[in-house]
Amino acid sequence: MSKCPADFNFFDESVLNCPYEFYRTLQEQAPVYQLPGTDIFMVTRHADVKKLLKDTATFSNNFTHLLKGPEPAPEVTAIYARAWQPVDTMITADPPRHKTYRTLVNKVFSASRVNAMEDYMKAIVHELIDSFIDRGECDFIREFTTPLPVYVIADQLGVPRRDLAEFKRWSDSFARRLSQMATPEEQVEDAKNIVAFQFYFAEMIEERRSHPRDDIISDLVVTQIEDPDSGAVRPLDMEELQSILQQLMVAGNETTTSAITGGMLSLAQNPQQMKALQDDSGKIGNAVEEILRMESPSAGMWRVVKKDTEFNGVKIPRNALLMLRYHAANRDQQLFDQPNAICVDRENADDHIAFGQGIHFCPGAMLARKEMNVAFTALLSRLDNIQLVQEKCDLTYWPNIVLRGLKELHIRFDRRAV
Ligand code: HEM
C-alpha cells in the first residue's frame, strides 16, 4: 500500500537524509502540506513554488526572527552588543527596501568582475588538486570543496591571502550560527568570531574609503544609495555594509561546497556519466546545471505569510510560514523525467530553480556556476577512476532544514595520463 504524508516526519534525520519518497508523496497527495504540529506549510511542486515566489506582497522574506533562533545566553548577547546590530538588506528585506540594496549588489557583482576571476579560480583549483594528487586519495570536502569558495569570495571582497585562515574561521561561525546547532560553548566562540569579523571589516571599510581599489568592498563604500525611508542620497552606513558583506560571505560558501561535493558523489556513483564528461568536456556546462538541480544545496527557503490566504484549496493563515522546497521542486517528475537520476545530457536541466527566482534570485549564481565549471573541468582532466572510499563515507547529510550538505566525502583516484 502506498504511503501518505502523515507516515513521514520531515524533521526525522532519516527523512532529511533521503527525502525523495516524502517529496513524491507530497507532490502527488498534498502539494501544499501543513507539517503536523507546526504552522509551517511546505510547498513541493515546481510550478507552485515558482508561482508563490512572485507574490512578494503576500509572502514576505522578513524572517529575521527565524535566523536568530532561541534566546542566547547573556554572555553571548553581551558579545554581540559590542558590534554592529543586524539590519535587513537583501535576503530578509521586502520591496521596496530590498531593491535599494539589491541594485547595488547587482552592480558590484558584475559579469565582467566574475569573468575576470576565471584565471584566479583556475589557479586556486589546481593548487588544491596539487596538494593531494600524489596521495591518490583525499578528504574531498576538507581539502577541496570547503576552501575553494572561501578563497574565491575572500579575493572578490579584497581580503588579503594572509588573512584567509581567519576569514574561514569567521565564515564557519556564521554558518554554524545559522544552522542553530551550536553547543553553548560554540555559541560563545561563534559570537567572538562574528564580532571579530565585524571589526576586521570595519577597518577594511575605512581604509577603502580613503584608498579605493578594484574590489567589492571599495565599490560598496564609494557608491551612493537612496535612503529607503527618507529618499535622501547617501553612502551605505556601517550596519548596512556589514549586513551585505556577511550575506556575500555566508550565502555562497556552504552552498557552493555542497553543490560540488554532491556532484562528485553522484558522478562517482554513476561512472558512465563521469566518463561522458571526461570524453567531452563540452558537456560540463550542462552537467553543472544537472548537479544544481539534483543537489539544490539551498534546499528550502522561508516565507512569512502576511495575510490570510488560500493556495490550491489550502487555507494558510496570517503569520504562518511557507517552506518553499527548492530541493523537491527540482525533482518534480511533472517537469523532470526520472528526476532522481543524474543525466548530464538532460535537455531541460537548466529549468531548475536551485538559485530561486524573482527578486531574490541568487546574485552569486554566475560566480557559483563558474566555480563549479572550473572545478569539475580541472578535477576530471587530472583525476581518473574516481571512486568513493566506502569505509570513510557514511553518506549522511547535516541535519539542517534549509541547507543540504554531505558531512563526509572521501575519494580515491588515479592520476590521469596527459
Ligand atoms: C551553488 C551555490 C548557490 C546556491 C545553490 C544558492 C542559492 C540561493 C537561493 C535559492 C537564493 C534565494 C533565496 C530566497 O528565495 O529567498 C539565494 C539568494 C542569495 N544568494 Fe545564493 N546561492 C549560491 C551561491 C551564492 C554565492 C556564491 C553568493 C555570493 C557570493 C550568494 C549570495 C546570495 C545572496 C546575497 C542572496 C540573497 C539575495 C536577495 O535576497 O536578493 N549565493 N541563493
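**A walk through the model**

Modeller: At 30% relative accessibility, phenylalanine 361 counts as partly exposed, where buried means under 20% relative accessible area, exposed over 50% and partly exposed in between, with a 1.4 Å probe and protein chains only.

Biologist: Before we go on, what kind of model is this, and how are residues numbered?
Modeller: This is a predicted model, in which local features need pLDDT of at least 70 and side-chain atom pairs count only at pLDDT 80 or more, while totals for chains, interfaces and linings use all residues. Residues are numbered from 1 along each chain as its sequence is written, and side-chain values use heavy atoms, with hydrogens and water left out.

Biologist: Which protein residue is the donor of the iron atom of the ligand?
Modeller: Cys362 is the only protein donor, through its SG at 2.3 Å; donors are N, O and S atoms within 2.8 Å of the metal (3.2 Å for Na, K and Ca), and sites may look incomplete because water is not among the atoms.

Biologist: Where is cysteine 362 found?
Modeller: Cysteine 362 is in the loop between helix H17 (326-329) and H18, where helices are DSSP runs of H or I with at least four residues, numbered from the N terminus.

Biologist: And H18, is it mostly covered or mostly open?
Modeller: Mostly covered, as 13 of the 18 residues of H18 are buried. Helix H18 (residues 365-382) reaches 26 Å from its first C-alpha to its last, close to the 26 Å expected at 1.5 Å a residue, the expected span being 1.5 Å times one less than the number of residues.

Biologist: Switching to aromatics, how many pairs does a search of the whole structure find?
Modeller: The search finds 15 aromatic pairs. Rings of Phe, Tyr and Trp (its six-membered ring) pair if their centres lie within 6.5 Å, and planes under 30 degrees apart count as stacked, over 60 as edge-to-face and the rest as tilted. The phenylalanine 197 and phenylalanine 201 rings have centres 4.4 Å apart and planes at 45 degrees, so that pair is tilted.

Biologist: Why are phenylalanine 197 and phenylalanine 201 separated by about one helical turn?
Modeller: Because they are four residues apart in helix H12 (residues 184-210). Both phenylalanine 197 and phenylalanine 201 are buried. Phenylalanine 355 and phenylalanine 361 have ring centres 6.1 Å apart and planes at 70 degrees, so this pair is edge-to-face. Phenylalanine 355 counts as buried, at 11% relative accessibility.

Biologist: Which residues form one aromatic cluster?
Modeller: One cluster is formed by Phe167, Trp170, Phe174, Phe197, Tyr200 and Phe201.

Biologist: What sits over the ring of phenylalanine 336?
Modeller: The charged end of arginine 293 does, 5.0 Å from the ring centre; a charge sits over a ring if NZ of Lys or CZ of Arg is within 6 Å of the ring centre and within 35 degrees of the ring normal. Arginine 293 is among the buried residues of H16, a helix that has ten of its twelve residues buried.

Biologist: And what lies over the face of tyrosine 397?
Modeller: Arginine 404 lies there, at 3.7 Å from the ring centre.

Technical notes: Helices (H or I, at least four residues) and strands (E, at least two) are DSSP runs, numbered from the N terminus.
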